[in-house]
Amino acid sequence: YRMTSPSEYAAAFRKGKKTNTEGLCARVLKGVNSTDFSVLSPEQERRVVFFMGPDGLRDLPGLSGHDILKRIGYDNRYIKDCVNKGKIFKLAVFKNGESIRLADWDGAVDVVKAAYPEVAEKVESRRSELKKESLSSIQSRSDGFDMMETYLNGPEENRFMTPERLAESDGTLVDVRAFLFHSCGLRSLYAGDGYTRNEENVRGLTEYIGANGPVDAFGEFEIIDLDVKIPRNRVANK
C-alpha cells in the first residue's frame with residue numbers, strides 16, 4: 001500500500017476514475033492569466049486561503065467543473081460573478097502540507113491571527129462570540145448590512161472590511177466578522193465546524209485553511225484544468 005502522488009491523482013481524475021487520496025490536499029485556483037496560477041490566490045491582499053483534504057479529492061473525479069465549485073462551498077451568485085468576469089479555474093493537488101489547519105473556528109482564528117498580526121488582538125477578542133453566533137444574526141445587528149453584496153462591490157466600498165479598516169475600527173463582532181468575510185474568505189457558507197456547506201445547508205467535505213503563497217512551496221504538485229459552465233436552468237437563479 002502506498003500513497004498516490006499528485007500526478008497519479010491527476011491521471012485518474014482526467015479519466016473520471018476514483019483513486020486513493022490519503023496524504024493529498026488541494027485547492028481550486030482561479031484567475032485570468034498564467035501568473036495568477038503560480039500562487040494559491042493571485043489577490044495580493046489575500047493572506048489566507050482554503051484547501052480541501054483527501055475526502056474532498058476522493059469524490060471529485062466524474063463531477064463537472066460547476067459541481068466541483070458547489071462541492072467546495074462556492075455559492076451560485078459568486079460562481080456566476082467569476083464566470084462573467086472571465087475567470088478560469090484549475091485544481092492544484094499537493095502532498096498534504098504540515099502548514100494547513102482544519103478550518104473550524106479555532107483553526108481559522110489561529111491562522112488569521114498569524115497572517116494578520118496587526119489585527120490579531122481584535123480577532124482573538126471575538127473568538128468565543130464567532131463560535132456562537134450565526135452570520136445572519138451578526139448581519140442583523142447592523143441595519144441590513146449585506147456582507148456578500150459589499151464583497152462583490154469590492155474594497156472601494158467603505159463597508160468592505162480590509163485589515164486597515166479593521167485596525168481603525170472599534171473591533172465589534174460585526175467589524176471582525178466582516179473582515180473575515182471580505183478579506184479572509186469566510187463567506188456566507190462558512191459554518192465554522194471544519195466542513196463546507198452548500199446553499200441548502202447540506203454538509204460537504206472537510207476544509208482546511210492556511211497561508212497564501214506560491215503553489216510550488218508545497219513541493220510536488222499537479223495542476224488540473226476545470227471547465228466551469230453555468231447550468232442553463234440555474235442562470236436566472238441567485
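D225 is exposed, with a relative accessible area of 55%; exposed means over 50%, buried under 20% and partly exposed in between, using a 1.4 Å probe and protein chains only. This is a predicted model, in which local features need pLDDT of at least 70 and side-chain atom pairs count only at pLDDT 80 or more, while totals for chains, interfaces and linings use all residues. Residues are numbered from 1 along each chain as its sequence is written, and side-chain values use heavy atoms, with hydrogens and water left out.

You will find D225 in strand 7, residues 221-226; strands (E, at least two residues) and helices (H or I, at least four) are DSSP runs numbered from the N terminus. Leaving aside residues up to four places away in sequence, D225 touches F89 and K90, where contact means heavy atoms within 4.5 Å.

From F89, let us move to the rings. The whole structure holds 12 aromatic pairs: Phe, Tyr and Trp rings (the six-membered one for Trp) with centres within 6.5 Å, called stacked with planes under 30 degrees apart, edge-to-face over 60 and tilted for the rest. Y74 and F89 make an edge-to-face pair, 6.3 Å centre to centre with 70° between the planes. Y74 lies in the loop between helix 3 (65-71) and helix 4 (76-84) and F89 in strand 3 (residues 88-95), so this pair ties together parts 15 residues apart in sequence. Y74 is buried at 13% relative accessible area, and F89 is buried too, at 3%. Ring pairs link Y74, Y78, F89, Y151, F160 and F181 into a cluster.
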